[in-house]
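Me: Please walk me through this structure. Keep it brisk.

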Amino acid sequence: MVPGVQTIMRRESASLVRSSEQAAPFDVLADVLRGLQLRSRVHGRYELRAPWGMKMECASYPVFYAVTRGNCVLTVDGADHALTGGDFVFISPGRRFALRDRRETRAVPLVDIYAPRGLRCGGHLSYGGSGLETTMLVGSFSFEDTALSPLAHQLPVLLHVKNRSTAQARWLESTLDLLAVELAARQPGYETTVSRLADVLFVQALRAHVESSSAHNGWLRALDDPRLGVVLQRIHETPEAPWTMQSLSRLAGMSRSLFAARFKRVVGDAPLTYLGKWRMHRAIQMMRDPGLSLGEIGRRVGYETESAFGKAFKRSLGATPGQYRRTQEASANERPQGA
């Protein structure tokens, strides 16, 4: 080989890597999920034989059920949904719902089902009669810092991903298979693996929801919009930039009036309102770092002075940054270790 060619090839390879990194779009969904501090738990596995029925009154946290085999009926707020093997459902907090082998079966409160076990929920549960079997995984999601998150308040009451309905649903089915294997094997570290797989399950369910809801407006739909998506990417990538309606509409390739109307219709907030909320959301996250002063946090989210940051913060959250930070620190100190 000609002397120097290897060096040139290495340089070209490095250049291609850098170009690829620069070209990679900023992942807005990942950014928002980091801000929410998504925590997933798989509580256990149900083996249910007909006839069976269970109901829950107003769970205070989002729950999910993944049917791995068989069929059942989910009733949420009086509406029935048929579930089959490979289906995944997410139910938002504060909803009454029931699961049963068929609509006519009486649903027993979940607390009564767990009463013989001393109300120790989770793990493996066998319940019902001697008929056809349905198995499912059950778990929950928890979020923090939801007050100004664009995703937390736009999650559907019920997110139902049907088996093989989309390409994403097939990926979801593979994840369910891995979860079932991990739960059955219970090898060292399985709890961590199961938690991470549940995180993946949530993201895949969101993707499948967007794929199957072409007429639905909302923040998730905006991510997939060719004009609005690029605006959201830039806002999340550089919230500190001096964004204006003119610069944002130019990014979208639209007139100011058309951009403002389309953004509000799809996202639910005016563009600059959305920008302000996201800046405050980021500021709340930064307050966990005791090494960052309030002035520095303000500058990192786009405010030239601490005074301007303080006024914007109080307008959004009803407290000054200092008051909010002290409350946050007091709450962290009261929280049990490991919580």
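This is a predicted model: local features need pLDDT of at least 70, side-chain atom pairs count only at pLDDT 80 or more; totals for chains, interfaces and linings use all residues.

Me: How many helices and strands does the protein chain have?
Reply: Helices (H or I, at least four residues) and strands (E, at least two) are DSSP runs, numbered from the N terminus. On that basis, the count for the protein chain is 13 helices and eleven strands.

Me: What share of the 339 residues is buried?
Reply: Buried means under 20% relative accessible area, exposed over 50%, partly exposed in between (1.4 Å probe, protein chains only). For the protein chain, the buried share is 45%.

Me: Is S126 buried, partly exposed or exposed?
Reply: S126 sits in strand β9 (residues 123-128). Its C-alpha lies 8.7 Å from that of R45, which is 81 residues away in sequence. Because its relative accessibility is 49%, S126 counts as partly exposed.

Me: At what angle do α7 and α10 pack?
Reply: Axes are lines fitted to C-alpha atoms, for helices over the stretch in contact, and angles run from 0 to 180 degrees between N-to-C directions. The axes of α7 (residues 228-237) and α10 (residues 271-286) are 10 Å apart. Their packing angle is about 35°.

Me: Which residues of α10 does α7 meet?
Reply: Contact means heavy atoms within 4.5 Å. From α7, the partners are L232, I235 and H236. In α10 they meet Y274, L275, W278 and R282.

Me: Which helices do the buried residues of α8 pack against?
Reply: Helix α8 (residues 245-252) has M245, S247, L248, S249 and A252 as its buried residues. Just after α8, G253 has a positive phi of about 70°. The buried residues of α8 pack against α7, α9 (256-267) and α10.

Me: Which residues line the second largest cavity?
Reply: On a 1 Å grid over the protein atoms alone, a cavity is a set of points where a 1.4 Å probe fits but cannot get out; lining residues have an atom within 4 Å of a point. A volume is the space filled by probe spheres set on the points, which are joined across faces, edges and corners. The second largest cavity holds about 30 Å³, and β2 (53-56) and β7 (97-100) each supply at least two residues of its lining. The lining residues are M54, K55, M56, Y65, F97, A98, L99 and L110.

Terms used:
Residues are numbered from 1 along each chain as its sequence is written. Side-chain values use heavy atoms; hydrogens and water are left out. On a 1 Å grid over the protein atoms alone, a cavity is a set of points where a 1.4 Å probe fits but cannot get out, and a pocket is an open set with protein on both sides within 12 Å along at least five of seven lines; lining residues have an atom within 4 Å of a point.
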